[in-house]
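Welcome! Take a moment to look over the sequence and turn the model around before reading on. The paragraphs below then lead you through it step by step.

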Amino acid sequence: MTPTLGVCYYPEHWPEELWPKDAQRMAETGLTWVRIGEFAWFRLEAQPGKLTFDWLDRAVDTLGAAGLKVVLGTPTATPPRWMLERHPDMLALDAEGRPRKFGSRRHYCFSHQGYRDECRRIATLLGERYGRHDHVHAWQIDNEYGCHDTTLSYSDAARHGFRDWLARKYQSPDALNRAWGNVFWSMEYADWDEIDLPHLTVTEPNPAHVLDFRRYSSDQVVDFNRIQTEALRPFTDRPLIHNYMGSIPGATDFDHFAVGADLDIASWDSYPLGFLMDRVDGANADHKSRYLRQGDPDFQALHHDLYRAVGRGRWWVMEQQPGPVNWAPWNPAPLPGMARLWAWEAFAHGAEAVCYFRWRQAPFAQEQHHAGLMRPDSAPASALAEAALVAQEIEAFGPLHPAKPSVALIFDYQSAWVFETQPQGADFSYYGLVLDAYRGLRRAGLSVDILPPDARLDGYRLILAPGLAIMSDDLKARLAASGATVVVGPRAGAKTAEGAIPVPLPPDLPGLDATVALVESLPPGVAEDFEGSTGRFVRWFEHLEGAAQAQIATAGGRPALLGDKGLHYLAGWPDRDGWDRIVALVASEAGIDIVALPDGLRLRDTAGFRFAFNYAPEPIDWNGVTLPPGGVHWWALS
């Protein structure tokens, strides 16, 4: 596969006489893909039932005539104002019961049946008109599900839908009461209509109630997406895509693997500097200062590997940051070379396409401070030349083939819901725990696959499963029988499917004599040191009992990492030195060589090449090459 570049474009934002010039310049830059249409519902249908496709016909034809391939979006993330007149109760309500009003985007409730019908209708109309169009080569469904904290809706539509969902799952209120433990605080229900949504309670609602509401809400996103895929499939054989987000509020509110099952390609929107300044777990002031203009060295790569799994091997970056964004608390500009580095890193992780957001910076509305490849006056912005250079390089490079790593890390959205519901520590974040584990693997020079809990485990020599809150007996058995060196924990198997503490107590792993007898969350500034002065537990520490051998102990003599060769349990959240020590130990046991990398340097192996990426703000000499800040280099592998 030879990777390609693209860009996001909004022809409705610009005079039509500008379109051919823009298309020609995109082609001259070396771009292949152009995403359009995902926010254009009003321009397509200014009044209910009065469709205006002629401008979109001309836009698609103009772009196609320049040799560009169009990704056409369904515009369902931005319903027009008249939609509220037809469906005044379609608005999502936040946890305080306030409507998410018209005036920006994503103001719909996934549970609202009337709006679902409208989305089916517009997707069908677009499919009928463009499904076999010569220039439309892919489709994007909606835009950034969950963005702006919009998955969880507390509307009447969600309330009624949740009751129906519960009735199908439990069959009787008595069964629900037993599953939820409603005897506690006299919370039993006698009828489905008595059950409300889990918000606005005096103190925290029943965690089992919350967990089922999270599952229901995730299912609504899956169903909403499926309505559109089923509408489009009869009219097109082109791939269907959704653009997921990075780890921001709302990003883990639904199961991306479940949504991805109805799509052909997964994509995500990569904004390394915006995420670093606003959202990256563990990014303290020193870390943000060091990587201010480059982004966190591991955050993008984690999402590349995650969405490769969501897409079952096929994935894109649908939006790539080219300059300052508009939405973080502070918005620095990328270091020269980073627009190139970010693209090549995505390609090394298997991306089929990287599309920059956006072609021209808009001089109006909410995103006017969001840079593009072109300035508002149509002069080139700094990233345009880097995009052109990447296009030349990938043409010269040719096909790039992925290689299966020897290391895997299991990721589970349900675990995020469990720990968001009952964190037991104010700074406990499932996403942050997974990112720290991934960082430890990357600092050792390792390439990693991200896997869902139901994935096949054969062929891996090292598997990490941090924080898998709910572990089925099947997963436990598959891990034990995988033949790999396996590290499970902390907080693995800590809950039943109903969100209760299981008995036998966790981790309850086959062949591992270990029991979590007590858990404690550690506030900032408090840690549990490892023996030998290297590494410590922060945030979380579990007191273990049992006969399993401790391979690393705490300074107080308690097990930190225990288990014989094969299956191991980790009793807390390690700091950076702790992860490095653990990764070195288990990689050695698995027969995997690790590499001592300079700070800020990261590697990724493909089938024929090893890539190196310098995220550091200073030059790095490595393997006979000097990589400047933002530098990329690759070597052929024998």
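**A walk through the model**

The side chain of Asp262 makes a polar contact with the side chain of Arg226, at 2.9 Å. A polar contact here is a pair of N or O atoms within 3.5 Å; within protein, one must be able to donate a hydrogen and the other to accept it, and residues adjacent in sequence count only if both atoms are side-chain atoms. Before going further, please note that this is a predicted model, in which local features need pLDDT of at least 70 and side-chain atom pairs count only at pLDDT 80 or more, while totals for chains, interfaces and linings use all residues. Residues are numbered from 1 along each chain as its sequence is written, and side-chain values use heavy atoms, with hydrogens and water left out.

Where does Asp262 sit? You will find Asp262 in the loop between helix 9 (256–260) and strand 8. Helices (H or I, at least four residues) and strands (E, at least two) are DSSP runs, numbered from the N terminus. With a relative accessible area of 18%, Asp262 is buried. Buried means under 20% relative accessible area, exposed over 50%, and partly exposed in between, using a 1.4 Å probe and protein chains only.

Now turn to helix 8, which covers residues 207–232. Its 26 residues reach 38 Å from the first C-alpha to the last, close to the 38 Å expected at 1.5 Å a residue; the expected span is 1.5 Å times one less than the number of residues. At the start of helix 8, a side-chain oxygen of Asn206 comes to within 3.0 Å of the backbone nitrogen of Ala208. Helix 8 is mostly covered, with 21 of its 26 residues buried. Val221 lies 220 residues from Met1 in sequence, and their C-alpha atoms are 31 Å apart in space.

Next comes strand 8, residues 265–270. All 6 of its 6 residues are buried, so strand 8 is largely enclosed by the rest of the structure. Ile265, Ser267 and Asp269 point one way from strand 8, while Ala266, Trp268 and Ser270 point the other way. Strand 8 runs parallel to strand 7 (residues 240–244), and 4 bridges join them; two strands pair if DSSP finds at least two bridges between them. Across these strands, Tyr244 has Trp268 as its bridge partner. Strand 8 also pairs in the parallel sense with strand 9 (residues 315–320), over 5 bridges. There, Ser270 has Gln320 as its bridge partner.

Which strands pair with strand 11? One is strand 12 (residues 448–451), in the parallel sense over 4 bridges, with Ile410 standing opposite Leu451. Another is strand 13 (residues 462–465), also in the parallel sense, over 3 bridges; in strand 13, Leu464 is the bridge partner of Leu409.Let us move on to open space. The largest pocket has a volume of about 1300 Å³, a volume being the space filled by probe spheres set on grid points that are joined across faces, edges and corners. On a 1 Å grid over the protein atoms alone, a pocket is an open set of points where a 1.4 Å probe fits, with protein on both sides within 12 Å along at least five of seven lines, and lining residues have an atom within 4 Å of a point. The largest pocket is lined by 44 residues, of which Phe39, Ser104, Arg105, Gln366 and Glu367 lie nearest its centre. Helix 2 (residues 41–44) gives the most to this lining, with 3 residues. By class, the lining has 19 nonpolar, 12 polar and 13 charged residues.

Finally, visit some loops. Trp185, in the loop between helix 7 (173–180) and helix 8, has a positive phi of about 60° although it is not a glycine. Is Trp185 buried or exposed? At 59% relative accessibility, Trp185 counts as exposed. Ser378 also is not a glycine, and its phi is positive at about 75°. The loop that holds Ser378 lies between strand 10 (353–356) and helix 14 (382–397). In the loop between strand 14 (485–488) and strand 15 (515–521) you will find Pro490, joined to Gly489 by a cis peptide bond with omega about 0°.

Terms used:
Ala, Val, Leu, Ile, Met, Phe, Trp, Tyr, Cys and Pro count as nonpolar, Asp, Glu, Lys and Arg as charged, and the others, Gly among them, as polar.
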